[in-house]
Amino acid sequence: MSATFNISNLPFSLLSPDEQALLQQSLDIAYYQQGETIVAAGDEPEGVYIILKGLVSENEERSADGAAAAEQVFVQYEADDYFGGWSALRGRAIHNFVAVEETICHILPTRVLLELVSSNSLFADYFQQNLAVKSEIVAQHDQDQDMAEFMLAKVSSGLVQDPLIVDEGTSIRDATALMRTHKADCVLVRKGNRYGMITKTDLLEALVLDNLPQSTDIAQIAHYRLISVSPDDYLFNALVIMTQQHIERVVVMQHESLVGIVALTDILSFFSSHSHVIGLRIERAQTEEELQEAAQRLNSLIKSLVSHGVKVRFTMDLLAAMNGRIMAKLFDLMIPADMQPHVCLVVMGSEGRGEQILKTDQDNAVIYRDGLSWPGMQQTLQRFSARLIEFGFPPCPGNIMVSNPAWVNSLGDWTQQLSDWADTCDGEALMNLAIAVDAKPVAGNPALFKAGRNWFLRHLRNNDVFFSHFTRAALEFDTPLTFFGSLRDKAQLDIKKGGIFPVVHGIRAMALEHRVLATNTFSRIEALVELGQLQAEQGAELGEALALFVQLRLRQQMRRLEANADGQDPTPNLIELPLLNKMERDLLRDALHIVKSFKKHLAMRYRLEN
């Protein structure tokens with residue numbers, strides 16, 4: 001009988017060879033007719049039931065005033081699914097499990113289940129009805145397990161250098177001699193309780209360009225606004241910070257104590273994606289052509305990161321930093337220097353949230369100082385949009401980009417536009433507003449953007465009618481689950497409508513209501529949990545669900561891009577279910593149930609019941 005059991009399926013593949021042998025020896029098998037109750041609510045289950053053939057529903061019968069009401073079906077289980085594990089561990093079933101059709105099940109007795117749970121913690125954890133736990137276990141046991149662990153390396157993983165430290169009063173000459181002796185490319189100067197950094201480049205500029213004497217106190221040329229990380233930060237995050245700040249080293253601080261320095265050259269050996277090379281090309285680009293060449297390398301970077309098992313959120317963070325630097329650099333190259341302090345380029349939508357993976361449509365705008373006189377502004381911005389298209393950023397189908405004068409506004413007009421959209425509350429206005437509230441400044445003068453944002457947040461305070469209308473869009477699309485809790489379609493589904501948008505927009509609405517300044521959905525979730533507007537478990541589940549949707553979509557996008565000769569994907573949000581393995585389908589189903597529950601939460605919170 002055990003020969004028909006598929007031991008390769010999770011969670012049974014988590015067992016050791018000896019534990020799998022025990023399982024195989026202990027399995028029983030049972031047959032159930034259509035309509036037969038396998039386990040009744042309140043009964044003690046025989047153990048875990050693993051379906052070999054057939055279909056089983058988990059339901060409860062509700063009654064009102066003593067009269068039986070219709071069954072509420074929670075989920076249906078089919079071949080290779082298991083059920084009853086949680087009930088067996090609790091000692092009592094809380095729902096009924098009924099054979100929808102003729103069904104054959106393997107049964108793992110409760111006593112053996114308890115023995116395996118006691119001896120194998122991962123096997124035990126998997127029986128928690130928790131997407132975050134399941135996702136983490138799957139990640140750890142994926143074929144790229146070594147790379148996943150590799151990408152989770154901490155700053156403290158043997159890369160922290162002992163810094164060369166000198167005290168205030170040390171001359172440039174003496175500091176340079178010490179750097180040569182210790183073969184160091186930088187030195188930290190201690191000035192009271194503060195530290196400043198000097199690199200070889202700083203020394204060269206001080207002596208050659210500024211004509212400072214060699215006797216000058218090195219503390220006078222040090223940079224004291226140091227970028228720091230902690231030893232427990234992910235090394236990958238340190239790389240993201242270096243990319244964002246376009247620097248080549250960060251200091252490591254444990255609370256207020258200096259631990260050491262991590263240099264970009266040390267991180268290079270950890271990563272084979274060559275992201276540092278692209279970052280350096282971006283920063284060193286002196287022409288639009290050089291910048292374009294660097295930008296066009298990003299897709300190969302993404303493929304490398306994904307193929308090596310890098311977590312989706314890390315990939316999004318790095319790509320957002322890269323794209324932001326590309327746009328800022330192009331802005332610097334194309335916008336006259338005397339105009340840059342008076343204008344601000346903002347990116348919106350998924351770019352503003354930092355949640356794009358492959359390059360998405362351009363969603364950008366310019367805010368400029370009231371009264372600014374710049375006759376050639378619109379022609380320059382049209383060239384800017386055209387160059388971004390050549391760089392690989394597709395044009396926005398809705399024309400939401402700076403080449404469209406409607407998205408180039410003075411600060412006063414921008415705030416008035418936001419106010420009008422909020423007051424109108426119709427479909428197009430709310431769509432534009434949803435895009436705009438995800439805005440993030442990337443070039444020019446960010447104070448212009450911040451002034452408009454802060455005014456708008458004050459304008460919306462205590463406006464319950466607006467938030468009710470604004471949030472309703474999150475409920476617009478049906479969750480692609482059947483009445484019985486299974487995936488609705490066996491062929492394909494639109495993951496943006498069914499999963500991503502309800503989470504992103506629902507969290508966006510809550511964040512706007514509570515004046516959360518972060519634009520990234522994961523960061524917004526964390527902020528809402530801290531504010532007590534989401535329970536910690538609910539926040540973690542929503543984050544895991546969103547990450548899963550993005551990851552599944554990305555894998556299939558890349559498959560289609562490689563298959564199409566023109567390098568285009570006509571259906572970027574389509575998930576082809578036959579291409580998913582059983583575990584991915586199970587995780588997708590669990591994640592969609594989380595979305596369905598979140599939509600109910602939004603409906604109750606904002607009184608959106610039909």
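S468 touches Y606 and L608, leaving aside residues up to four places away in sequence. That serine sits in helix α20 (residues 464–471), and at 19% relative accessibility S468 counts as buried, because the cut-off for buried is under 20%. Keep in mind that this is a predicted model. Here's a quick tour of the rest, from the whole chain down to single strand pairs.

**The chain overall**
- The protein chain has 24 helices and 20 strands.
- Of its 610 residues, 51% are buried.
- Looking at contacts with a separation of 6 or more, 72% of them link residues 24 or more positions apart.
- The chain exposes about 28,800 Å², and 48% of that comes from carbon and sulfur atoms.

**Nonpolar cores**
- The largest nonpolar core holds 139 residues, and M348 and L588 are the ones that touch the most other members.
- Helix α14 (residues 312–334) puts in the largest share of this core, with 13 residues.
- Apart from that core there is another one of 16 residues, including L164, M179, I198 and I218.
- As for M348, its contacts are D363, N364, A365, I400, W407, W414, I435, A436, D438 and A439, again not counting residues up to four places away in sequence.

**The four-stranded sheet**
- Four strands make an open sheet in the order β17-β16-β15-β18, and the pairing is mixed.
- At the edges you'll find β17 (408–410) and β18 (440–444), each of which pairs on one side only.
- On average, neighbouring strands here are turned by 30 degrees against each other, direction ignored.
- Helix α14 packs on this sheet, where it touches β15 (343–347) and β18; the direction of α14 makes about 35 degrees with that of β18.

**The three-stranded sheet**
- Another open sheet has three strands in the order β9-β10-β11, also with mixed pairing.
- β9 (165–167) and β11 (194–199) are the edge strands with a single partner strand each, so one side of each has no neighbour in the sheet.
- From one strand to the next, the twist averages 35 degrees.
- β9 and strand β10 (residues 186–191) run parallel, with three bridges between them.
- For a residue-level handle on that pairing, I165 stands opposite L188 in β10.

**Around β13**
- Strand β12 (residues 228–229) and strand β13 (residues 249–254) run parallel and share two bridges; V229 has V252 in β13 as its bridge partner.

Terms used: Residues numbered from 1 in each chain as written. Predicted model: local features only at pLDDT ≥ 70, side-chain atom pairs only at ≥ 80, totals over all residues. Heavy atoms only, no water. Pairing = 2+ DSSP bridges. Axes fitted to C-alpha atoms, helices over the stretch in contact; angles between N-to-C directions. Core = buried A, V, L, I, M, F, W, Y, C linked by side-chain atoms within 4.5 Å. Buried < 20%, exposed > 50% of the residue type's maximum accessible area, 1.4 Å probe, protein only. Contact = heavy atoms within 4.5 Å. Areas by Shrake-Rupley, 256 points an atom, 1.4 Å probe, with all protein chains shown as cover.
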